[in-house]
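Please read them with the structure open beside you.

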Amino acid sequence: MTNETQSPPEAAPTDAWRAAIASRKTQIAQTEGVPSVQAAPIEEDVSRRRFIRLSFFSGLGVTLLGSVGLFLDYFYPRHVKGFGGPVPAGKVTDYPQGAQPVHNLDGQFWIAYLDPKETRKGGTGGADGFLALWHKCPHLGCTVPWRQEFEFEGDKGWYRCPCHGSTYTKAGVRVYGPAPHGMNVMEIDIDKAGNIVVQTGKITTGSPNNPKLAVLPPA
Ligand code: FES
C-alpha cells in the first residue's frame, strides 16, 4: 500500500475575488489618469504665498509714498505772509524824514525815515534813508519799544529794552546794557512808485554799521 500524499486541488478563483481584483485595477487606473488631483494643493499654496508677498510690498510701497508725501507737504515753501516774509509798510510819503519810528506789529519791526542831520547822541549816526529794525532785543528777546521821552546821557529819544535796560540809538546801535550787539536790521525794498516792503526773513545782525544799511527812496 502506497502512502501518497496528494496536494489539495487549487481552488478556482471565486466571483468575489474576481470582483475585488477588477475593482482594484479600476482604482489604480483612475488614480493614474488624474494626476492633477495631487498637484492642485501645491499650486494653491504657491499662489497664496505670491498674494501675501504682493500685499506686503504693496502696503509697504503705499506707506513709503505716504511718508514722502507728508515730508514734501511739510517742507514745501508756501507763500509766507506776515513775519518771516515780505511785509508791506506803506508808502514813502507816509514817513516824514526825521519823524519818530513807526511800529509794525505784523512784521515785528520799527521803521523810520532817518535824517542825517539828527546828530544828537541818540540820533541817526549819519544815516540817510529808511531803516527797519527787528523789535526783538538781541539780549534775551524782549520786545524793545521806542521811547521818545526816555532820557539817557542828557538826550531824549532812544530804544530802551524794558527787561535789562539795553539802550539803542535811533539807528539801533547799542550804547548801553547786556545786549551783545545792536538791533538787527531787516532788508527794505522800495519800488519806483514809493511802495515799501520789508523783507522780514532777511535780517542782518545789528552793529555800529547799522546807519550804513539805510535805504534811500527812489529819486
Ligand atoms: S532782553 Fe533786552 S536787555 Fe535783556
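1. Leaving aside neighbours within four places in sequence, which residues is V144 in contact with? This is a predicted model, and in it V144 is in contact with W110, H135, K136, C137, Y159, R160, C161, Y168 and M183, once those sequence neighbours are set aside.

2. V144 also belongs to the largest nonpolar core, which has 18 residues, and it is listed among those with the most contacts inside that core, together with L114, L131, L133, Y159, Y168 and M183. The elements that give two or more residues to this core are β3 (109-114) and β4 (129-134), and the largest share, three residues, comes from β3.

3. Apart from this core lies another one, made up of 15 residues, and A89, Y95, W134 and V198 are among them.

4. Turning to the sheet, the model has an open arrangement of six strands in the order β1-β10-β9-β4-β3-β2, with antiparallel pairing. At its edges are β1 (86-91) and β2 (102-104), each of which pairs on one side only. If direction is ignored, neighbouring strands of this sheet are turned by 30° against each other on average.

5. For a closer look at one pair, strand β9 (residues 185-190) and strand β10 (residues 195-204) run antiparallel and are joined by six bridges. Within this pairing, V185 has T204 of β10 as its bridge partner.

How values were computed
Residues numbered from 1 in each chain as written. Predicted model: local features only at pLDDT ≥ 70, side-chain atom pairs only at ≥ 80, totals over all residues. Heavy atoms only, no water. Core = buried A, V, L, I, M, F, W, Y, C linked by side-chain atoms within 4.5 Å. Buried < 20%, exposed > 50% of the residue type's maximum accessible area, 1.4 Å probe, protein only. Helix = DSSP H or I, 4+ residues; strand = E, 2+ residues; numbered from the N terminus. Contact = heavy atoms within 4.5 Å. Pairing = 2+ DSSP bridges. Axes fitted to C-alpha atoms, helices over the stretch in contact; angles between N-to-C directions.
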